[in-house]
Amino acid sequence: MKNPVNKILEIVEDSACVTRFSSSDWNLLISQARLYDLIPFVYHEISDMGHIQCVPVEILQLMDGYVTRLEYLKTLYLWDLKQIEKLAVEFNVQVIVLKGMAYLIGELGIYKSRNFADIDLLVKGDDFKFFEKKLTSHGWHFKELNDYDDHYYREWSHASPPMTNILTGLELDLHHHISSPISDIKVDTQCLLDKALEVKGSTLFRLSDEDVILHCANHFIYFDDVHGKFKDILHIHYMIKQNPEEDIWLRLYQRAQVLGLESTLFYMVGLLEHFFKVEPAVQIREWQSNFSKNPKKLVLLYLLKYCLSAERVDSVKYKLMTSLLVVRYQWTRYPLNILMTHLVKKHLIHRFIRWRAPDKKQDE
């Protein structure tokens, strides 16, 4: 299997390809889709284009199970979001919905197929402590943290410690920035708020189309483990397709300059070209060509391309590549003095404790 996402890419290019699939093709497609959490995406692509009758019964039953579970999760998350909206209205707080829930309520990209891990919200810095208290007094409570982790969230993070709803068990992250205030990537939150769009039929907000795309790209490109994140670049591809092509590229280019996310745009475009043969506007291609003269950026782009769809995650090459991305992620995220403190307290000490645990248990 030379390309671990080749069957998914065939679906993206032309969903009618399934009419010619053999049993081995279906097995390979489901294997790839399961690995990248894209079985609901495959189902909706095939169904929306009228090819559902071509799906073997066993495969269709499997996909129905995934889709049914996802619909159930949507109901839970939308109920929680509605309660949050009531709080925002009652206390006059502008709440920006981020990531998965924003895609869903804004009907963006492959929103019908996206899974959920939590609810992500962004509020103004002045409203952050106030709204955090309102959430904790209305059914949300913080997970138990040790002193170091609590300090990490309060001093170095861009969000509150994770909260859990007492009734539903769902998690929520309340953000005051979209990136850590001590990281190399600094985005002016007010710039995002100024262009935020009110969601149709709601009093909640989401980021503008170009900001949603750039935020999605920035989040997974600067994540510590990009394996399995192919769905994010796929999602970005579909969000761009929702907009007039020339217009969205120009807006992305201009917005990346305003927000200081030129590097994010460079990597994003490179990945779109690599996986989907996307041809951006002429101005973007010229800018991309000049930007690519930086050897460090070319190396990182290569690492991202490889790790987003590595053939074997147990290979030495993959482990080396991902290790380099982790180093890059940590280096970008923290100043050197904080990075060293974090590595010692969060990783070395915790690993030593886990290493000592079997001996302790044996002694007892």
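Predicted model: local features only at pLDDT ≥ 70, side-chain atom pairs only at ≥ 80, totals over all residues.
Good morning. Helices H1 and H10 are roughly parallel to each other, because their axes cross at roughly 10° and angles under 35 degrees count as roughly parallel.

H1 covers residues 6-13 and H10 residues 230-241, and their axes come within 13 Å. On the H1 side, the contact is made by Ile8, Leu9 and Val12; on the H10 side, by Phe230, Leu234, His237 and Tyr238. By class, six of these residues are nonpolar, one is polar and none is charged.

Let me turn to the sheet. Strands of a sheet pair through backbone hydrogen bonds, either parallel or antiparallel. Here seven strands form an open sheet of mixed pairing, in the order E3-E4-E5-E2-E1-E7-E6. Which strands lie at the edges? They are E3, residues 140-142, and E6, residues 197-198, each of which pairs on one side only.

Starting from E3, three bridges join this strand to E4, residues 163-165, in an antiparallel arrangement. His141 stands opposite Thr164 of E4, and Thr164 in turn stands opposite Glu171 of E5. E4 and E5 are also antiparallel, paired over two bridges. Their hairpin has five residues between the strands, and Gly169 there takes a positive phi near 80°.

E5 is joined on to E2, residues 119-122, by four bridges, and these two strands run parallel. In this pair, Asp120 stands opposite Asp173 of E5.

Finally, is E5 mostly covered or exposed? E5 is mostly covered, with four of its five residues buried. Helix H6, residues 125-136, lies across E3, E4 and E5, running at about 165° to E5. Thank you.

Technical notes. Residues numbered from 1 in each chain as written. Heavy atoms only, no water. Axes fitted to C-alpha atoms, helices over the stretch in contact; angles between N-to-C directions. Parallel < 35°, antiparallel > 145°, perpendicular 65-115°, else oblique. Contact = heavy atoms within 4.5 Å. Nonpolar A, V, L, I, M, F, W, Y, C, P; charged D, E, K, R; others polar. Pairing = 2+ DSSP bridges. Buried < 20%, exposed > 50% of the residue type's maximum accessible area, 1.4 Å probe, protein only.
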